[in-house]
Amino acid sequence: MSTSENMPEQQTSDLEVKDAQVIFSSLWQELEHELGRKNMRFPKEMILLGGAPGAGKGTNTDYIRKVRDIVAEPIVMSSLLNTPEMEALKAGGNMVGDREVVNILFREMLNSRYREGVVLDGFPRTKVQVEVIKMLYDAMIELRTEFANTKYAVHFKQPIYHIMILFVDEKESINRQMHRGREIIEHNKRVRESGKGELLEERPTDTDENLARNRYTIFKEKTYDALLSLKQFFHYHLIDAHPPLDEVKANILSEMEYQSSLELDPRTYDALSPLPLASDITTHARRDLVYRLDRYEIGNQDLFHKVIALIENKIMPIIKPHAISGRALINIEDALLSEPLALSMLIDIFSERGFFASVDVHLLEVPEHFDVTTGKIHCRHKKIYRINIRFKGSEIRIG
């Protein structure tokens, strides 16, 4: 039995944290010496992606990138560790340890193509790697503070880290792995018979239920637990991957849409906070509209009915011929609208009837008299109310 197996759980955990500190500190010092602190520019946004076998990571990764506006291809740890150096290490009978994994990952993430964001597939998988990720986040905050008032500030933005897990239960995972295996075998059979197309990898875990079950167990005990332990530190998203693809994508969109309080620099967020959100304004918009219309009728009945008559007799006859396009631009000169409350009434009346109305006021100078003695042209000012009306137009079926 190994020494670690004889240790109490807390003592083992403490050792793992110390190992992470040693690994992180030594690698950080190496990178600082090679690059300089001003060039330690890690991705602003990192999505740590985990998924049960068959949950659809490969299917959904591009959609996740699209939702978060991440251009760079994902970093897939299994591919990253297939370098000649890593293969030589494994060929010598050695394990790829945490230090080697973190070293190659950090150096890859410093590539400028990941500057705005990256999806990280397959990391972290150990307690040490979990601690390293937390230390990296703290170091990025420290760099951001250090360069906040320098010309390099734009390169050290508020980091945004997401933990995302695509989850299916064991039964569904095994079913999907077996289904994928059957499809690959059938595909390869057609390729061999026709000589056209490319053969796909036939993985033993996609054809043997016991191996598929073991793969799921490894996911639950290692990857899932590692990512779950970061829940209290970063934004956490558990996506139910059982439903059809469109529903899974809708769940991803709901979880990953822009949230200003989580993504903006705190100072920027504080500066914007006095302005109301559109959602706040619209929450009770219909109720407030009803309240205003009733108040017009009770407190300003005469003016209210005049505005209704104006709309009915002068504006609606112009709108109706535009029923197909759903848009009408009306120029009107009427002294009634010089009353500010009348304009508010007009907009509210159209809103209640299902139209979207906006009004621009244009002041024009109209020549009235020419003074031959002084050569001066006397003008009167004319107000033109330009009313823009939009509504859902009528659809025309062709054929």
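## Exercises on helix packing and cores

In helix 8, Glu170, Ser173, Ile174, Gln177, Met178 and Arg180 meet Glu209, Ala212, Arg213, Arg215 and Tyr216 in helix 9; contact means heavy atoms within 4.5 Å. The model is predicted: local features need pLDDT of at least 70, side-chain atom pairs count only at pLDDT 80 or more, and totals for chains, interfaces and linings use all residues. Residues are numbered from 1 along each chain as its sequence is written, and side-chain values use heavy atoms, without hydrogens and water.

**Exercise 1.** Sort the residues of the contact of helix 8 with helix 9 by class.

Solution. Take the classes: Ala, Val, Leu, Ile, Met, Phe, Trp, Tyr, Cys and Pro are nonpolar, Asp, Glu, Lys and Arg are charged, and the others, Gly among them, are polar. The contact of helix 8 with helix 9 then has 4 nonpolar, 2 polar and 5 charged residues.

**Exercise 2.** Describe how the axes of helix 8 and helix 9 cross.

Solution. Angles run from 0 to 180 degrees between N-to-C directions. The axes of helix 8 (residues 170-194) and helix 9 (residues 209-228) cross at roughly 130° and come within 9 Å. Under 35 degrees is roughly parallel, over 145 roughly antiparallel, 65 to 115 roughly perpendicular, and the rest oblique. Helix 8 and helix 9 are therefore oblique to each other.

**Exercise 3.** Find the residues that touch the most other members of the largest nonpolar core.

Solution. Such a core joins buried (under 20% relative accessible area, 1.4 Å probe, protein chains only) Ala, Val, Leu, Ile, Met, Phe, Trp, Tyr and Cys residues through side-chain atoms within 4.5 Å. Among its 66 residues, the answer is Phe42, Met46, Ile75, Met77, Phe106, Leu136 and Ile252. Helix 7 (residues 127-146) gives the most to this core, with 10 residues.

How values were computed. Helix = DSSP H or I, 4+ residues; strand = E, 2+ residues; numbered from the N terminus. Buried < 20%, exposed > 50% of the residue type's maximum accessible area, 1.4 Å probe, protein only.
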